[in-house]
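Hi everyone, thanks for coming. I'd like to walk you through one structure today, so please have a look at it with me.

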Amino acid sequence: MFHFYSGNHLEDLSVILNKILSLSPPSNAFQSEQILVQSPGMAQWLKMTLAEHQGVSAGTVFPLPSTFVWQCFQKSIPDIPVQSEFNKPYIVWRLMRVLPLRLKDDAFEPLAWYLQEDNSQMRLYQLCASIADIYDQYLVYRPKWISAWEANDETMEDVNQITAKQPWQAILWRDLVADVSFHNGSLFHRANLVDALQEATRNIQKPPSIPNRIFVFGVSSLPPNTLDSLQILAKSGWIEIHLFMLNPSRFYWGDVVDKSYLNRHLKRQPNKPGLTMEKMHLDANPLLSSWGRLGRDYISQLMDLADSQLDVFDDYIDTEKVLEGHAARLLGYVQQDILNLDNHGAQEERQGSALNSSYKHVVYADDVSIQFHSCHSALREVEVLHDQLLSMFEQDREITPKDIIVMLPDVNQYSPFIQSVFLCQPDHKRIPFALVDLPANQETPLIDAYVGLLSLIDSRCTLSELISILEVPAVLSCFELSVDELERIRQWSNEAGIRWGLDESTAEYWSLPVETQNTWQNGLKRMLLGYAVGHDSIWENLLSYGEVEGLEASIAGKLAQFLHAVGELVNAMRSPRMPNDWVAFLYDIINDFFHLEDDETFEPLLVKHIDEMSTEWRTAYFDSPIDLSVLRQILVPRLQEPQGGQRFLAGRVNFCTLMPMRSVPFKVVCLLGLNEGAYPRTRIPVGFDLMIGNYQKGDRSRREDDKYLFLEATLSARKRLYISYIGRSIRDNSELNPSILVSELMEYIGQSCVLEADLCLSPEESQKSLLNALVLDHPLQPFNEQYYLSYQTNKSSNGFFSYESTWLEALLLRSNEKEVMVHDGGEQHLLPILEQDADEVDLAQLIRFFTHTARYFYQKRLKAYLSIREIQEQEDEPFTLNYLAALEFREQALQAYESNEVERFKRKLKLSGEFPYGEFGEMSLQELLNQCAAMAKASPLKAKSTGQKLIFN
């Protein structure tokens, strides 16, 4: 039996699930109930919900639908492997072997043309990955194509017409099948297993390991073959299936876009009274018709499959109380109109007969259930969100951090701003939060160091790149270095003129002029020579660097050991290797560069992915050399996959990426970063994807997924829906558009709702007034006086307020026209007047003032000299002389003229690594020497600075 439960609240559906689990427990107490979900977030929410109902949640497992169906295939059909031979990673490596053998065929001419300039394997790998991706889609959504290709059936005209656009795809698929067969692999895949399962249910008894019943909860969409497999299992009597689906509307809405199928389904779900087929497109809710295509097709399929159906719908607002004059919230109106398939206000707008706005839903001025915030940057979005959350906690004591979810198109893009704003708060304003879906490298710095080492072959080995690898604690420990010793290495490297290149071979590899003065090898030799003979000595065309003294010489030795290991690594990565050799090489990097603690998670993660790659190579019988660039293309994305999904719903404000099946109910749903072009996200398809332009029900689209996710997020908000986007340019304050989904929501709110004070206005005027009240256009800076001056009157009147007191005193002083004061021993007094001639400014002082204004103020006015040593890691050799370097060299040149050591000075300057290369360096040096020669000849005693002053009028 296939039981279908639909409703508009996941909480109600979870109650039904709990009742079924409680009233009919499994006969075997040790048998686990299987609840199929699409994401760990939904599983976590369901565990907590069942625990609330039952007191404890135990004896339940939450497999993915595809995983469960494949396990059923394995248990009921002989010779089914644990992993299909036609899984996408295996197809990629089989194609890497099979495709090059076909490139001379006429049908493969476009592919051969694309690959003819491929000097490495990268193009071939990327092409094979793209082909494997579309084959994977065909297996799920176009199984008839796969069957026709395998049978080489030319009688299926519809398939042949489509195949004719890219005839090589059918040929290449048959080659893949032949290759699997040649290596005695299983020819079963997702396209033909449904028929095999159908045959098995007819001919054999149900295997005891297949459960008697399963539950499918909160899955917004299932692939057609997965849904067909579940139907077969249900129809055969093997499994009793209970499927719980979030349905946005209580009325039939399956053809709000395509009305040709309306009459077919009216008998399965009641049509809204008075809503005829002709009016379906005019009076159906526009938000549902625009955002709901994914769910519309899925619900339509479920209605055809279900043996029984139970609908559990609950109103978002109490209509009777609204008619009696009680207040309803804006969020409730929007959700209720979607539930009832209403397009409120559309008929009055079309007729144009309304003189006022009394037909619209009445919204009160203090309604904050839906808010739109327009900001200038991602940082300002997060700053505004923090203040708004504090306000929510203050106004509604029932809202706690665990009741709030913040979803973004890309949480990785916002994570630095979230951490800087939410972490840097005093205790009384600190909001506990959790960042979910972050790339693993943001949580484990070892991943960046490991990837950095693998990327050195495509790098110039700059000063900052190698220092960033060396400063990772595990690398420091491996080479027995401390943090203080690392700072000494940083200082020595910078002062010894190290910029980029291990040695001259780095420049040769990049076809650049070979110069050694700024390489790591030259810098290290200068350090060791300086330790032996002292500072500023020239020996065999090498200028010594004398800061390495005494016991610190061991630090230079450790640096030499590190550079030697890096050099060996880079040389080893220059040529392709066999798959097994790469496996050993990847493990060697760990042993050579990292000293890992026993509880470090990086090594098990790396071992896992290396084993996966090795399995893929063995399964696909791939035994050809692999380029390092291809290896990185495979390994790096896997290492950076998010690993922190278990923190979802951890009792804090959850920041996560907008993902399907994650819209579980929350009191407050916040959506950030909903900018035009950023959401809904688009995926550019490959040009040879035959599914493009051939849409069928059940097909997935990233854009449609995002639309439906936005619909689910809107419906899952129980008290507030908070939407934020970048609505102003940070450069010129020009207006920027929000996401099209936000615009559609604003448009519908303006069409259907009106402020209580605007009932007498025309529909156009009331719409403009309402949107002006809902959309808060925030200032560029957090210290804008609007946030503080409006707070003195009424914080809720215009939405501008701030909990940041840092700027308050300065604004109050400015508003009262007071002089700036400082604190000294608890008493306030004015800063003393700076005693100097106001008409005369020393040139050196003027330079220092504009170079670092804050430092000049602290030293001159506050007499505070903060000695902070800043070491700037330069990555490029000098091409020109900056002002300060020219002054220093000019002073040295004058001293050389005085002591008649000009030639030694010239040689020393060229070997220092601080002077420009080539002709530019010769020109700069000659100009410098000419100036110094003229100065020395004119007046040797006046060569020093005389403190010349500028007179200002």
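Let's start at W510, which is partly exposed, with a relative accessible area of 34%. On our scale, buried means under 20% relative accessible area, exposed means over 50%, and partly exposed is in between, using a 1.4 Å probe and protein chains only. Before I go on, this is a predicted model, where local features need pLDDT of at least 70 and side-chain atom pairs count only at pLDDT 80 or more, while totals for chains, interfaces and linings use all residues. Residues are numbered from 1 along each chain as its sequence is written, and side-chain values use heavy atoms, with hydrogens and water left out.

Back to W510: you'll find this tryptophan in the loop between α26 and α27. Helices here are DSSP runs of H or I with at least four residues, strands are E runs of at least two, and both are numbered from the N terminus.

S511 is not a glycine, yet its phi is positive, about 55 degrees. Is S511 buried or exposed? It is exposed, with a relative accessible area of 67%.

For context, most residues other than glycine have a negative phi, and most peptide bonds are trans.

D79 is another non-glycine with a positive phi, about 65 degrees. D79 sits in the loop between α3 (65-76) and α4 (88-98), and at 67% relative accessibility D79 counts as exposed.

For the peptide bonds, have a look at Y679 and P680: a cis bond joins them, with omega about 0 degrees. P680 belongs to the loop between β12 (666-671) and α32 (702-716).

Now let's go inside, to helix α17, residues 330-339. Of its 10 residues, 10 are buried, so α17 is largely enclosed by the rest of the structure. Among those buried residues are Y333, Q335, Q336 and D337. Just after α17, L341 takes a positive phi of about 60 degrees.

Last, the cysteines. C128 counts as buried at 0% relative accessibility, and C753 is buried too, with a relative accessible area of 0%. How many disulfides are there? Taking a disulfide as a pair of cysteine sulfur atoms within 2.5 Å, the count comes to zero.
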